[in-house]
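Have the sequence and the 3D view ready as you read.

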Amino acid sequence: MEQVADRREIEQVVNEALRELEEAKKDLKLIDALRVKYLGRKGLITNLFKQLGKVSPEKRPELGRLLNEARDTVERAIGSATERAKEAILTSKETIDVTTPGRIPIIGSLHPVTQVTQEIVRIFSQMGFEVVEGPEVELDYYNFEALNIPKDHPARDMQDTFYISEDVVLRTHTSPIQARIMEKRRPPIQIIAPGKTYRCDSDMTHTPMFHQVEGLMVGKDISFSHLKAVLTLFVHRMFGPQVGLRFRPSFFPFTEPSAEVDIQCVMCGGSGCKVCSYTGWLEILGSGMVDPAVFEKVGYDPEEVTGFAFGMGIERIAMLKWSIDDLRLFFENDVRFLEQFT
Ligand code: DAH
């Protein structure tokens with residue numbers, strides 16, 4: 001009856017193990033010591049397995065089954081005792097689980113449009129330009145009239161301009177700040193004016209609200225060479241000294257002569273691609289010599305002073321800088337997009 005004795009012996013060991021675990025309560029160290037005592041390399045249950053080699057082959061399967069059951073029972077009991085003990089540690093007020101991985105704090109970053117604005121401001125500040133601001137809700141007079149844009153000019157079309165009333169608009173560009181500053185001050189003037197602008201337009205490259213930076217330099221003998229020098233330096237600082245640029249004749253009601261500045265395509269380097277419509281060039285800003293008609297509106301004598309002005313879209317610069325193809329991304333505030341500019 002060797003088998004019966006074995007069964008009883010196994011049961012005894014298991015019961016003893018369960019009792020000791022019960023007594024260990026929530027003491028992790030003790031529970032671990034019991035694991036070694038019963039299931040370790042020289043543990044009591046492990047030792048019982050060694051009897052398998054001594055019993056007759058007929059009895060071996062039955063004994064094996066009993067031993068496996070015993071081991072499983074004790075393993076499960078140790079497992080749940082360990083769980084209970086850990087749970088107790090976590091829920092008790094005094095203890096901190098220093099092994100818990102820390103939470104990484106989410107650190108915000110400046111919006112890409114803000115970053116580019118600051119970059120532009122920094123470059124012009126280094127050249128002596130002062131930063132000024134103007135109202136976003138603007139008089140029709142400053143937005144159009146003072147800039148030599150007469151009542152029937154297509155730029156005033158209801159399609160483009162948000163009218164608040166007959167003579168109040170949301171400014172469609174930052175150029176009205178030029179007129180406001182000149183009206184208030186006497187030359188020399190050397191300012192840039194960043195800010196929000198509004199047009200009734202929406203697609204891949206237009207949003208109803210966007211940002212511009214205006215620039216203005218007025219004084220005695222300010223010439224087109226000054227305009228070229230300042231804007232060339234700006235392009236080289238913004239996009240790198242290797243980037244080529246060109247001044248292309250253009251028209252604006254408030255400048256004469258006028259020029260648009262193109263830079264070599266940031267995608268293909270000028271060889272021609274989809275982004276630059278295979279021209280090799282990308283337009284980045286409008287500029288020109290302040291029109292005498294504008295000087296007259298603000299009470300300056302065009303025989304006495306000259307000046308140049310320029311204006312650029314900030315999102316456009318940002319899109320070129322980071323190769324972004326959809327303007328609307330800037331305003332959807334999807335963190336997956338914004339996180340890329342940290
Ligand atoms: N205000 C123009 C626009 O929104 C940009 C511009 C062009 C500004 C030429 C200027 C300038 O000061 O001289 O398209």
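In this predicted model, G215 stands opposite F310 of strand β10. S287 also stands opposite F310 in β10.

**The strands**
- β6 and β10 are paired in the antiparallel sense, and 8 bridges link them.
- β9 and β10 run antiparallel too, joined by 4 bridges.
- In a regular strand, side chains alternate between the two faces of the sheet.

**Contacts with the ligand**
- Which residues are closest to the ligand? They are H173, S175, Q178, R199 and E214, out of 15 residues that surround it.
- S175 has a polar side-chain atom 2.9 Å from a nitrogen atom of the ligand.
- For Q178, a polar side-chain atom lies 3.0 Å from a ligand oxygen atom.
- R199 has a side-chain N or O atom 2.9 Å from an oxygen atom of the ligand.

**How the ligand is covered**
- On its own the ligand would expose 360 Å², and the protein buries 89% of that.
- Which elements give two or more residues to the shell around the ligand? These are β6 (209–219), β9 (281–290) and β10 (306–313).

**What the shell is made of**
- Sorted by class, the shell around the ligand holds 9 polar, 4 nonpolar and 2 charged residues.

Notes
Residues numbered from 1 in each chain as written. Predicted model: local features only at pLDDT ≥ 70, side-chain atom pairs only at ≥ 80, totals over all residues. Heavy atoms only, no water. Near = heavy atom within 4 Å. Polar contact = N/O pair within 3.5 Å; in protein donor to acceptor, adjacent residues only side chain to side chain. Areas by Shrake-Rupley, 256 points an atom, 1.4 Å probe, with all protein chains shown as cover. Nonpolar A, V, L, I, M, F, W, Y, C, P; charged D, E, K, R; others polar. Pairing = 2+ DSSP bridges.
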